[in-house]
Amino acid sequence: ECQKFSVKLIQNLYFPVMNEQNALGNVNVVFDAECKKMYTYSRNNDTAASNHNVCRISCFDIPPVNESKLFLSDEDIVSSFSIDCSAVNMQGACIHNGLIYIGQGISTPILRIVSLETNSLIASYDIKKRGYNFEPEGCFWYNNNLMLCSKKNIYNVTVN
């Protein structure tokens with residue numbers, strides 16, 4: 001039996017205008033509830049701030065949910081770093097045990113694993129070369145397993 005489901009908007013977050021320092025173009029957001037941090041990751045090929053083939057990851061404190069609109073500024077960025085990002089599209093991400101898992105790409109689908117401790121890319125997997133031809137839309141952890149989502153399927157992913 002289906003249960004009733006509802007969604008309610010509680011807050012709009014507005015990020016700083018993209019510049020050479022923050023590279024906040026086409027922003028994606030992932031939350032680390034344990035550490036009370038919010039990370040943006042983005043790449044924008046339309047401006048010099050994209051740094052071409054670089055993904056900028058910026059850390060913010062999770063803002064309070066006490067206003068319907070919240071405008072963040074560059075001063076709200078706690079830290080920021082860059083990683084290699086040869087895949088065009090940035091897709092959904094998740095955080096687990098101090099690592100960000102980011103699905104990317106269309107024609108070259110990639111799973112990237114980034115360490116929040118060292119602010120560095122620690123692994124990059126070409127999904128297509130491993131026999132799977134799908135665009136990764138998002139990921140999550142379930143029962144100690146990394147799950148990667150396409151538009152139609154969910155895959156259990158083993159990384160080593």
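Where is the place of Asn 143? Asn 143 sits in the loop between strand 11 (138-142) and strand 12 (145-149). Strands (E, at least two residues) and helices (H or I, at least four) are DSSP runs, numbered from the N terminus. The model is predicted: local features need pLDDT of at least 70, side-chain atom pairs count only at pLDDT 80 or more, and totals for chains, interfaces and linings use all residues. Residues are numbered from 1 along each chain as its sequence is written, and side-chain values use heavy atoms, with hydrogens and water left out.

The protein has 13 strands and 0 helices. Buried residues make up 39% of its 160 residues. Here buried means under 20% relative accessible area, exposed means over 50%, and partly exposed lies in between (1.4 Å probe, protein chains only). Contact means heavy atoms within 4.5 Å. Among contacts with a separation of 6 or more, 43% join residues 24 or more positions apart. The protein exposes about 9800 Å². Carbon and sulfur atoms supply 49% of that area. Accessible areas come from the Shrake-Rupley method with a 1.4 Å probe; for residues, only the protein chains shown count as cover.

The largest nonpolar core has 16 residues. Such a core is a set of buried Ala, Val, Leu, Ile, Met, Phe, Trp, Tyr and Cys residues joined through side-chain atoms within 4.5 Å. The residues with the most contacts inside this core are Tyr 39, Tyr 41, Cys 55, Ile 57, Ile 100, Ile 102 and Val 114. Two or more residues come from each of strand 3 (37-42), strand 4 (54-61), strand 6 (77-84), strand 7 (90-96) and strand 8 (99-104). A second, separate core has 12 residues, including Leu 111, Ala 123, Cys 139 and Leu 148. In soluble globular proteins, nonpolar side chains tend to be buried together.

Leaving aside neighbours within four places in sequence, Val 114 is in contact with residues including Ile 57, Phe 81, Ile 83, Ile 100 and Ile 102. Ser 120, Leu 121 and Ile 122 are also among its contacts.

Strand 7 has 5 of its 7 residues buried, so it is largely enclosed by the rest of the structure. Strand 7 and strand 8 run antiparallel and are joined by 5 bridges. Two strands pair if DSSP finds at least two bridges between them. Ile 95 has Ile 100 of strand 8 as its bridge partner. The hairpin of these strands has 2 residues between them, and Asn 97 takes a positive phi near 50° there.

Asn 144 is exposed, at a relative accessible area of 69%.

The whole structure holds 1 salt bridge, defined as a side-chain nitrogen of Lys or Arg within 4 Å of a carboxyl oxygen of Asp or Glu. The side chains of Lys 37 and Asp 61 form it (2.4 Å, N to O). Lys 37 lies in strand 3 and Asp 61 in strand 4, so the pair ties together parts that are 24 residues apart in sequence. Asp 61 is partly exposed, with a relative accessible area of 43%.
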